[in-house]
Amino acid sequence: MVSNGTPEKTAPGAGPDQLEAAFGRPLALASRSIHADDYTNTHPAVAPPMHVSTTFRYPRNPDELVPWSEADPDAFENFYIYSREKSPTTTRYEALLTSLLGGPAISYASGLAAFHAMMVFLNPRRVAIGGGYHGCHGILGLLHKLNGLETVELEDEAALAARLRPGDVIHVETPLNPTGEARDLEYYRRKADELGCWLTVDATFAPPPLLEPFRWGADVVMHSGTKYFGGHSDMLSGVLAVNPKRAGERTVPGRKGGGESKLTWVQQLREERLLLGGVMGNFEGWLGVRSLRTLELRVKRQSENAQRLVEWLAEEKGKGEGVVAELVDRIQHSSLQPEAADKDSWLARQMPNGHGPVFAVWLASEPLARRLPSKLRLFHHATSLGGVESLVEWRAMSDATVDRRLIRVSVGVEAWEDLRDDLLQGLQALKEEVGR
Ligand SMILES: *Cc1c(COP(=O)(O)O)cnc(C)c1O
C-alpha cells in the first residue's frame, strides 16, 4: 500500500484508540481536541503543516503501484492521490472531528454542501423538516425540482404518520435557528423507529460539549463548521458524522431498493463527495484544526455568557418597567423553555452542559428592531454566528421567513457584563431616539 509519509521518530504517533488504551479510559474532550490528530504527525514540527498540493506522487517502485479502483478503502488515511478526494490538512481536521463528535466525520466546503451530500446519500422521497435554517429548505426545493422530493411538517404528528414511509428522512435542527429553542431528539428517534425513517440532526447550534446527538439516536449528524468549529468568522466548512453503529453498514440507502455495497456508509459518503466535488479548501482545513484546539473553551464561555444575558433580559422584562420591559416584547432560548427548569426533563438530559449561545429577542415594533443594531458598540450587526465576537442581526436582513421584529443574538467570548451593558445602553439610546 502506498504511504505518503512515515511518522518521524519524534511523533507521538498514537491514534485515539492507542491513547485510550494507554490511559485505560477515554481522554476528556479538551484533551482530545489537542491530541486526537497526533497520529497524523509526519514531521517534527509541533504546529500542523498546511499541505496545499492538489496532487500526490505515486510510488516510484512499479511493484508498489496499486490502481485506485483496487486500493483498499480501509487504508484511507495513507493513500493520497488527488485533493478532490482528500488532502492531508482536511484529513487532520476530520481526525479531530471524528473524536470530538463520536463518529467518523467527513468535511465539506460548507454546511449546505454537507446537507446536500447527506440528502444525495440517503436519497429519501420525503423529508420531515420544521422551521430552522432557510438554506436547508432551499436545497430540498432544488431536490423537489430534480426528482419531486416532498417535505412534511415536522411538528405535525399526524402528517408524519400519514405520509412518511420507510427510507424517508426525519431531519431535526436543534437548537433551532433563529430562536435557540431545543427539540426533543428521543421523541424523534422513536418516530423514526416507528416509521422506518432515518434520523438526521443539524446540531450546528449546539457543538460539543453541549449536545451529543448520537447518544439520542441520530443516524447522521451535520454541522455548519463555519460557525463554532471555525469559531473566528473566517472560514466556511460543513461536516457530516455517521453514528458509529452505522459507520460499518454496507446497505445502500434510498429508494432504489437499497441493496448491499462493498463500501461502508462512511466510504460511500467519501466516494460521493469525490464526485460532488464539495471538498474543503486546504487553508480552511488548516484554520479548522487551529480553531478546534480551543473549541471547548470558546463554546463553554459562549454558552455561559448567553445564559447570563438571557437570564438578565428575562428578569428585566419580568419587572414590568424599565427600558428592557418597554422595548423588548419577548425573548426565546432553550433556557426559557418550561422543561429547562425540571432536572428530569428531556431538555435537561439532552443538554446537561449548557444551552446554545444563540437566542432571539422580539422588539416591540419593526422600526425598533431595524434601529437597535446601530446603537450597539460591541455587538457587530452581521449575519452568521458562532464566532468569538458577539453579533446581532435584524433577521429580516437575510431571512424573509421570520417576524420582522426579531433580533437574533450570537454571543461571543467577551465579558458578559460588558455585553449586558452594551445592550442596556443601546436600548436606552433607542428609547431616547424614538421618544424624541
Ligand atoms: C449556517 C447554517 C447552515 C449552513 O451552513 P453554511 O456553512 O453557511 O453553508 C446550516 N444549518 C444551520 C443551523 C446553520 O446555522
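This is a short tour of the structure, one selection at a time.

Before you click, note that the model is predicted, so local features need pLDDT of at least 70, side-chain atom pairs count only at pLDDT 80 or more, and totals for chains, interfaces and linings use all residues. Residues are numbered from 1 along each chain as its sequence is written, and side-chain values use heavy atoms, with hydrogens and water left out.

**Stop 1**

For aspartate 202, a polar side-chain atom lies 2.7 Å from a nitrogen atom of the ligand. Then pick serine 224, where a polar side-chain atom is 2.8 Å from a ligand oxygen atom. On its own the ligand has 380 Å² of accessible area, and the protein covers 93% of that. Accessible areas come from the Shrake-Rupley method with a 1.4 Å probe; for residues, only the protein chains shown count as cover.

**Stop 2: aromatic rings**

Next, colour the rings of Phe, Tyr and Trp (its six-membered ring), which pair if their centres lie within 6.5 Å; planes under 30 degrees apart count as stacked, over 60 as edge-to-face and the rest as tilted. The whole structure holds five aromatic pairs. Select tyrosine 187 and tyrosine 188, an edge-to-face pair at 4.9 Å centre to centre with 80° between the planes. Tyrosine 187 is partly exposed at 23% relative accessibility, while tyrosine 188 is buried at 7%. (Buried means under 20% relative accessible area, exposed over 50%, partly exposed in between, with a 1.4 Å probe and protein chains only.)

Move on to tryptophan 198 and tryptophan 265, whose ring centres are 5.0 Å apart with planes at 70°, so this pair is edge-to-face. The two sit 67 residues apart, tryptophan 198 in strand β5 (residues 198–202) and tryptophan 265 in helix α8 (residues 265–276), and their pair links distant parts of the chain. Helices (H or I, at least four residues) and strands (E, at least two) are DSSP runs, numbered from the N terminus. Tryptophan 198 is buried at 15% relative accessibility, and tryptophan 265 is buried at 0%.

**Stop 3**

What lies over the face of tyrosine 80? Lysine 86 does, at 4.8 Å from the ring centre. A charge sits over a ring if NZ of Lys or CZ of Arg is within 6 Å of the ring centre and within 35 degrees of the ring normal. Tyrosine 80 also has a side-chain polar contact of 2.9 Å with threonine 91. Such a contact is a pair of N or O atoms within 3.5 Å; within protein, one must be able to donate a hydrogen and the other to accept it, and residues adjacent in sequence count only if both atoms are side-chain atoms. Threonine 91 lies in helix α3 (residues 88–101) and is buried, at 3% relative accessible area.
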